[in-house]
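Please open the structure in your viewer and keep the selection tool at hand.

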Amino acid sequence: MEQTRLEDLVFKPSEEFVAQANIKKEMYDEANSDYIAWWAKQAAELVTFFKPYKQVLDDSNPPFYRWFTGGTFNVSYNCLDRHYNSDKRNKAALCYESEVGKKVIMTYRELYVEVNKFASALKKLGVKKGDRVNMYMPMIPEQAVAMLACARIGAIHSIVFGGFSADSLADRINDATAKWLITADGNWRKGAAFNLKANADAALEKTTTVEKVIVVKNTGQDGINMVEGRDVWYHDIMAGADKYCPCEEMEADAPLFLLYTSGSTGKPKGIQHSTAGYLTYTCSTLKYVFDLKETDVFWCTADIGWITGHSYVIYAPLALGMTTFMYDGTIDYPDKDRMWDMAERWGVTVFYTAPTAIRTYMKWGSSYPDKHDLSQLRILGTVGEPINPEAWMWYYKTIGKERCQIMDTWWQTETGGFMCTPTPVVPLKPGTATIPFPGVFVDVIDDNRQPTNRGYLVVKKPWPGMLMTIYGDNDRYKATYWGKFGDIYLAGDSAIKDEMGYIWVIGRIDDVLNVSGHRLGTAEIESALVECQEVAEAAVIGKKHDVKGEAPVAFVILKDGYSGSPELIDKLKKHVGVKIGPIARPDSILFTGALPKTRSGKIMRRLLKDIAEGRAIGDVTTLADPGAMQDIAGKYGKDED
Ligand code: PRX
């Protein structure tokens with residue numbers, strides 16, 4: 001008997017589930033026949049303007065599309081004041097648990113008070129509308145407070161994931177020319193306190209712009225260095241802060257935040273997002289995809305330092321008046337059931353995580369989730385990389401008990417929110433992000449702009465959550481996303497469109513890796529490697545990995561006079577970890593005498609990937625030195641570590 005492939009299975013949502021859903025099937029037609037009217041309706045239903053906008057979409061200066069122009073708006077007002085002045089005032093807004101068991105529940109009223117105080121404290125420190133404020137923090141409630149406080153006074157936050165190194169932080173501070181940094185003494189990792197402030201201090205040695213550092217006492221560990229005149233404790237400035245800080249009336253298309261992401265060059269891009277368009281988009285997608293209801297407890301496990309954390313841990317859940325849960329810590333401390341234990345204890349109803357985490361839980365086995373009552377879960381979600389059908393099935397059966405739909409959401413830092421995703425009315429297939437969200441025109445096209453079943457993943461019309469530009473680099477914005485097709489957004493992914501019209505994301509078309517759902521440029525890792533005195537040249541590729549999706553593998557040519565050794569491998573790996581962050585550390589490094597290059601000098605990473613993944617080597621006819629490949633292939637698997 002022929003066996004059905006997992007990816008061919010179709011899971012239809014139950015009639016009861018469809019009937020109770022926020023989304024209705026008709027909405028797809030409604031949105032796609034007049035997307036301008038659809039987004040206007042979304043804004044009218046989900047957000048509040050101070051002054052009404054004049055135009056839904058200003059497309060007079062492409063590709064600098066602007067949404068809801070002429071209106072004034074404040075994101076903090078939308079996330080807090082609206083609920084403070086309603087019967088949601090005493091509802092839990094933010095629930096938090098730390099690795100060492102500290103629990104915080106902040107109601108909308110309490111969060112409002114904290115944000116007002118911190119916003120006035122920031123003003124006292126000189127922060128003004130349009131200023132950039134950097135953050136380098138653990139997943140603590142103060143991070144949410146700081147974001148909303150910036151939004152309140154119109155300052156632009158730029159958050160750097162706490163797992164990034166001091167150098168990465170310094171680069172991002174310098175690019176944003178931020179004068180303020182908000183950080184913490186430390187964070188917990190497997191029960192031990194990590195000194196985050198020391199990393200921040202090291203970064204500050206490489207920046208000249210920061211004048212004030214605000215430090216949250218989180219772990220309370222000893223030995224925190226506070227620089228006189230520069231560093232202040234969060235609790236000290238909060239103690240004397242005014243209790244009310246008015247919301248700045250911002251232009252609807254003013255920038256809300258910058259978030260840096262890797263590109264195909266060594267320099268990360270500061271993705272700039274807007275206020276009203278961004279909030280409308282994230283609210284609409286969250287409401288309809290995860291079907292949030294008044295009584296839901298939404299847990300998006302992403303770190304706030306990534307776009308998923310910005311959009312779906314903080315901004316959209318709060319603007320919708322929901323309860324959002326956040327956890328700061330490792331997923332297996334004190335044991336491998338930590339996540340399921342919390343899901344049970346906090347009554348989580350909607351759970352959104354990444355394939356890399358799902359594959360890790362799968363490896364640990366179902367006994368860990370099975371210890372807990374997960375019957376409160378209604379909906380599951382995944383994001384960050386393609387999910388393999390086996391992991392999808394495990395998630396569906398073991399966590400969702402075949403009751404919960406899995407929302408596989410494809411999107412990017414640049415898109416602000418979900419683009420291609422199921423909703424409660426869409427039948428699922430394991431491993432695909434299914435169809436575009438209503439009013440979003442994602443498609444798969446070929447070089448001639450024609451629809452195809454395998455090609456470039458693109459977006460054909462603007463959408464409210466789209467990036468505004470790359471901070472300080474309009475040319476790079478134009479070249480990266482609009483350079484190929486002009487009026488069509490190039491996402492940088494390749495995809496397949498199947499006979500049901502479902503979109504299957506295959507991977508990146510540029511030199512970008514996806515390690516555990518995190519984007520890393522091969523060029524960033526390569527330039528870290530060539531900083532080491534022994535290294536003449538380096539090429540980095542992503543090799544398929546069971547848990548991480550992709551793992552960095554480096555091919556390195558040493559300078560004359562140096563020879564490869566296990567110690568050197570160790571040193572190079574460490575250096576990448578220090579330079580960029582632990583996620584960028586190569587899994588293995590191979591020393592080689594040559595790299596496959598075209599006659600124009602471009603490294604053919606595709607061929608290196610073939611070798612690393614054990615495939616027959618592809619076409620080598622364009623290589624300057626075809627023999628180089630045999631050399632590397634012969635070595636691979638013997639010498640690498
Ligand atoms: O390659 C796609 C992959 O992650 C990239 C975006 O990365 P980043 O900007 O860091 O944002 C991650 C969180 C939104 C995409 O270009 N990706 C993201 N979600 C999916 C995905 N690939 C396949 N399926 C997904 N659901």
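Predicted model: local features only at pLDDT ≥ 70, side-chain atom pairs only at ≥ 80, totals over all residues.

**The ligand and its surroundings**

The ligand is surrounded by 17 residues, and the closest are Asp-408, Thr-409, Thr-413, Asp-493 and Arg-519. Next, colour three elements: α11 (307-319), β20 (405-409) and β25 (503-508) each contribute at least two residues to this shell.

Individual contacts may now be inspected. At Thr-409, a backbone N or O atom lies 2.7 Å from a nitrogen atom of the ligand. At Gly-384, a polar backbone atom is 3.1 Å from a nitrogen atom of the ligand. Select Asn-514 as well: here a polar side-chain atom lies 3.5 Å from an oxygen atom of the ligand. The ligand taken alone exposes 540 Å², of which the protein buries 96%.

**Aromatic rings**

Now display the aromatic side chains. How many aromatic pairs does the structure hold? There are 44 aromatic pairs. One of them joins Phe-290 and Phe-298 in a tilted arrangement, with 5.5 Å from centre to centre and 45 degrees between the planes. Both Phe-290 and Phe-298 are buried.

Move on to Trp-299 and Phe-351, an edge-to-face pair with centres 5.2 Å apart and planes at 75 degrees. Trp-299 belongs to strand β16 (residues 297-300) and Phe-351 to strand β18 (residues 350-353), so this pair ties together parts that are 52 residues apart in sequence. Trp-299 and Phe-351 are both buried.

For a cluster, select Phe-64, Tyr-65, Trp-463, Tyr-477, Tyr-481, Trp-482 and Tyr-489, which are linked by ring pairs.

The charged end of Arg-89 sits over the ring of Tyr-84, 4.3 Å from the ring centre. Lys-336 lies over the face of Trp-364, at 5.6 Å from the ring centre.

**Cysteines**

Select the cysteines next. The number of disulfides is zero. Cys-150 counts as buried because its relative accessibility is 0%. Cys-283 also counts as buried, at 0% relative accessibility.

**Backbone features**

Finally, show the backbone. Between Pro-62 and Pro-63 the peptide bond is cis, with omega near 0 degrees. Pro-63 is placed in the loop between β1 (55-58) and β2 (66-69). Another cis peptide bond joins Tyr-333 and Pro-334, where omega is about -5 degrees. Pro-334 is placed in the loop between β17 (323-328) and α12 (338-345).

Two lysines complete the tour. Lys-190 has phi near 50 degrees, a positive value in a residue other than glycine. Lys-190 is found in the loop between β9 (186-189) and β10 (192-195), and is partly exposed, with a relative accessible area of 48%. For Lys-401, phi is also near 50 degrees. Lys-401 occupies the loop between α15 (389-399) and β20; with a relative accessible area of 40%, Lys-401 is partly exposed.

Technical notes. Residues numbered from 1 in each chain as written. Heavy atoms only, no water. Phe/Tyr/Trp six-rings, centres within 6.5 Å; stacked < 30°, edge-to-face > 60°. Buried < 20%, exposed > 50% of the residue type's maximum accessible area, 1.4 Å probe, protein only. Helix = DSSP H or I, 4+ residues; strand = E, 2+ residues; numbered from the N terminus. Lys NZ or Arg CZ within 6 Å of the ring centre and 35° of its normal. Disulfide = S-S within 2.5 Å. Near = heavy atom within 4 Å. Polar contact = N/O pair within 3.5 Å; in protein donor to acceptor, adjacent residues only side chain to side chain. Areas by Shrake-Rupley, 256 points an atom, 1.4 Å probe, with all protein chains shown as cover.
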